[in-house]
Amino acid sequence: MRSVTAALGCVLVLGCTHSDHPTNAPGHVDPEIRPLVPEDRIPRDPGEQAVVLAYGGTGGGGVHVASAENGAVLAGGPELSAFYGRSATSHQERGLFTTPATAFGANVGATFLTSRARGEAGMPVGLGPQIYGEAAMRIESFEGFGLGWAVDAADGRSGPQATINIGPLMVRATHVLDGGGTFLVLGLVLKGQHAFFWSR
Amino acid sequence: MSTTLRECALLALAALASIATSSPTQPHRGYPSWRVERPRIDAGCTSLSAEVVLSGKEGLGVVLLREGASCDLRIERARVRIGALTKDAIAIEDWDEKQTTYLGFAFDNERTWNEGVRTGALELVVSAEGARRELAYPMVHAWDGWHAPTYEPPRPLPGAGSAMPLAVPPPTESEP
């Protein structure tokens, strides 16, 4: 029961916060045109830009395709992300979500694995932990993908990794070269974030 | 149900309820705006009020309202002075039927904002009844913050009512 409480506590800690910097704060106006109604006094929204730092973790399960025997795999670990994004509409006008609509950045993390797969001579392979880095893109705040490279910290074998995110769902494929096998994991991503906003 | 299980259930319920709780009123983005600090000045045969009605990255716009008896008051020159910047009005038009006129000033106001310049002045040269006067309206670049409440409608435009709404009360007779 303590572990459940600890897990729920971790989820509560994952907050979404933001701060606003006053750079470029004025809106758009056309001083050549006289306002005719009070609503004309309100500047037009120039949009915004943001740097987002996200922290949290991934967890899930899938298959580990190895040379001798395939097996189920459980995978999870911490992940940090940093993104830069721009939005045509400021977050004050968008309501609940304070994430840029489109953003580019990177993920770094570690994946701890439990696999029943076996490689040559029936030996376990690719047990990690895998340390990875990905170039990543977020689309429409919640969908995104990443492409990068993962290195097995135990034996130094490495290979490409690709991740697709849809909301909190994650599909991640990692192919460890030199006989480490291929991991296909379906899981969840839970992250808190802090976004630094300033105007366009 | 044990106490621990009940506590966990309550914690889970609180966590779920907090996931997507939106604010009761949707705010809007707030913008910095130049404001005239002393909006009404005696111009001789009439008093002349100034109010900033537009303020943004591309410059600002001011509506002047002449009050009291209409006299032959002419604006010969209008400009803003903000830090080292001085900018003349794009055009000076005649008074309309509401006794108002509009002055637009095009300049890089985003730059002045980013440079931290928060004070300036609207400077007018007016002539009335053969006399020439120089009037200076001090201005501040004020900001109430990023979040503007929705329940606050935009202020009416000058000349829409019987008198211009003033940011501060006009100077009284006893003031120097």
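Trainee: Let's start with A:Ser87. Is A:Ser87 buried or exposed?
Mentor: Buried: A:Ser87 has a relative accessible area of 3%, and the cut-off for buried is under 20%. Keep in mind that this is a predicted model.

Trainee: Thanks. Which strand does A:Ser87 lie in?
Mentor: A:Ser87 belongs to β3 of chain A, which covers residues 71-87.

Trainee: And what does A:Ser87 touch?
Mentor: Leaving out residues up to four places away in sequence, A:Ser87 touches A:Gly47, A:Glu48, A:Arg94, A:Pro100, A:Ala101 and A:Arg200.

Trainee: Switching topic: how many residues of chain B are in contact with chain A?
Mentor: On the chain B side there are 45, and they are in contact with 41 residues of chain A. The area buried between the two chains is about 3,500 Å², with carbon and sulfur atoms giving 64% of that area.

Trainee: Which three residues of chain B supply more of that area than any other three?
Mentor: That trio is B:Arg29, B:Tyr31 and B:Trp146, and they supply 20% of the area that chain B buries against chain A.

Trainee: What does B:Arg29 form a salt bridge with?
Mentor: Its partner is A:Asp45, and the closest N and O atoms are 3.4 Å apart.

Trainee: How does the side of chain B that touches chain A split by class?
Mentor: By class, that side has 25 nonpolar, 13 polar and 7 charged residues. Elements that each supply at least two residues to that side include α1 (3-19), β4 (47-56) and α2 (109-114) of chain B.

Trainee: OK, now the cores. How many residues has the largest nonpolar core?
Mentor: It has 29 residues. Among those with the most contacts inside this core are B:Leu48, B:Phe105, B:Leu122 and B:Tyr137.

Trainee: Which strand gives the largest share of this core?
Mentor: That's β6(B), with 5 residues. Other strands of chain B that each supply at least two residues include β9 (119-128) and β10 (131-142).

Trainee: What does B:Leu122 touch?
Mentor: Not counting residues up to four places away in sequence, B:Leu122 touches residues including B:Ala50, B:Val62, B:Leu64, B:Arg79, B:Phe105 and B:Met139.

How values were computed: Residues numbered from 1 in each chain as written. Chains lettered and ligands numbered in written order. Predicted model: local features only at pLDDT ≥ 70, side-chain atom pairs only at ≥ 80, totals over all residues. Heavy atoms only, no water. Contact = heavy atoms within 4.5 Å. Buried area = accessible area lost by both parts, 1.4 Å probe. Salt bridge = Lys/Arg side-chain N within 4 Å of Asp/Glu carboxyl O. Helix = DSSP H or I, 4+ residues; strand = E, 2+ residues; numbered from the N terminus. Nonpolar A, V, L, I, M, F, W, Y, C, P; charged D, E, K, R; others polar. Core = buried A, V, L, I, M, F, W, Y, C linked by side-chain atoms within 4.5 Å. Buried < 20%, exposed > 50% of the residue type's maximum accessible area, 1.4 Å probe, protein only.
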